[in-house]
Amino acid sequence: MKKVYLDNAATTPVDPEVFKAMKPYYSLKFGNASEPHFWGQEARKAIDQARDQVARFLGCKSGEIIFTSCATESINLAHKGLVEALSRPKAHIIISSVEHKAVLETCKHLEKLGMAKVTYLPVDKYGLVKVADVEKVIKPETVLVSVMYANNEVGTIEPIEEIGGLIKKINKTRRQKVFFHTDATQGIQYLDCYVDKLGVDLLSFSGHKIYAPKGIGVLYLRKGTPLIRQQDGGWQEYRLRAGTENVPYIVGLGKAIELVVKNQKLVVKRLSDLRDKLVKEVLQIPGTKLTGHPTQKAPHIASFVVKGVEGEAVLLHLSDKGIAASSGSACTSGLLKPSHVLTAMGIPVHLSHGSLRFSLSKSTTEQEIDYAVKVLPAIIKKLRKMAPKGV
Ligand code: PLP
């Protein structure tokens, strides 16, 4: 059976070049980077090199890069670590209502502990935060604004640079600085991530969305940003994340970033064209609607709602045809809970149950897109026929 993987926003395969770079660090160059002997120093050098690669990409200093295990850990460290370090009686945090669970749940936890009060920014029908809304809700107690760069369900790119500019301006007149974090997990591969240009103090992402392995992440932490580590132990990662460094994964991430830099322009152009073709074809099917912003959108994501079907059922039928897609987070663990992202965008529940997301990779081909759009109409037709009346 033909196999077409269109779920790259969930995870990507490890690039062969990345795997090749990692291999020696398993059994040949296996040292513990904290040790002063040759093996240890060889590992240390490899970590330093990867840190430099990431820092160059983000336009920051190497000492501002902390390696973690994934974006979720980076996000937890950023939010919890900052709030703990500032130790206000109650810190005020502002987040968008379309954040990934990693941000939503972390903030909920801080609220539950009585350490923070959270304000959720509304979004428009495309999932976009309004910069003016950020200004409206900043209070004297506000310590953190956290808005994602590109949305994982619908691909909408948030106005991070504009929010960063606003916060910079506001900070000039405040005693308590407002820190700015962005979850760049879905944007890192395609968007300009220069931290000074974006005006962010903290930025998180995961390796496995950019062809590095699962189990490695990054937190960028601007120099001078207060942070208490959330994992105690040794002095690794500038004493901000204890535990022996995962050298092969760190090396893999460095290589993956090197490849992003090398290919970004070409990949963005190619994927935008392929994605536009996919969108055009899917929208030919009656009762389908694009979700997310039509143009201000990460190039790898094409997301829709399909009237009269359950997204999960479409996925199963696509899978029978060898195609992997996703239903966003629409029906989390079979609970048929509507996606909080689509709800925030004002999409009615009966439509958001029919959500469908295709996400492309740098190696997705036109033939693969052609195959997906060829099989999809018949699946939708069949499911609509089977649906109880009134759905
Ligand atoms: N943030 C966004 C926008 C994501 O898409 C994801 C993963 O899908 C995460 C955070 C969490 O990434 P990880 O599971 O690698 O920690």
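Visitor: Which way does α10 pass α14, in a left-handed or a right-handed crossing?
Guide: In this predicted model, α10 passes α14 in a right-handed crossing, where right-handed means that the near helix is turned clockwise from the far one by less than a right angle, and left-handed that it is turned anticlockwise. Helices here are DSSP runs (H or I, at least four residues), numbered from the N terminus.

Visitor: And at what angle do they pack?
Guide: Helix α10 (residues 247-282) and α14 pack at about 15°, with their axes 10 Å apart; axes are lines fitted to C-alpha atoms over the stretch in contact, and angles run from 0 to 180 degrees between N-to-C directions. The two helices are therefore roughly parallel to each other, a label for angles under 35 degrees, while over 145 counts as roughly antiparallel, 65 to 115 as roughly perpendicular and the rest as oblique.

Visitor: Which residues make that contact?
Guide: From α10 come L274, K277, L278, E281 and V282, and from α14 come E366, I369, D370, V373 and L376, with contact meaning heavy atoms within 4.5 Å. By class they divide into 6 nonpolar, no polar and 4 charged, counting Ala, Val, Leu, Ile, Met, Phe, Trp, Tyr, Cys and Pro as nonpolar, Asp, Glu, Lys and Arg as charged, and the others, Gly among them, as polar.

Visitor: How does α11 pack on α14, then?
Guide: Helix α11 (residues 311-320) and helix α14 (residues 366-386) pack at about 130° with their axes 10 Å apart, and they are therefore oblique to each other. Their crossing is right-handed, and A313, V314, H317 and L318 in α11 meet V375, L376, I379, K382 and L383 in α14.

Visitor: What about α3 and α10?
Guide: The axes of helix α3 (residues 38-58) and α10 come within 9 Å and cross at roughly 30°, so these two are roughly parallel to each other, with a left-handed crossing.

Visitor: Switching topic, how is the chain divided into domains?
Guide: Domain 1 covers 4-12 + 264-386 and domain 2 covers 16-259, with bounds from an automatic or database domain assignment. Their centres, taken over C-alpha atoms, are separated by 28 Å.

Visitor: How much area do they bury between them?
Guide: About 2600 Å², 53% of it on carbon and sulfur atoms, where buried area is the accessible area (1.4 Å probe) that two parts lose on being put together, summed over both.

Visitor: What conventions sit behind these values?
Guide: Local features need pLDDT of at least 70 and side-chain atom pairs count only at pLDDT 80 or more, whereas totals for chains, interfaces and linings use all residues. Residues are numbered from 1 along each chain as its sequence is written, and side-chain values use heavy atoms, with hydrogens and water left out.
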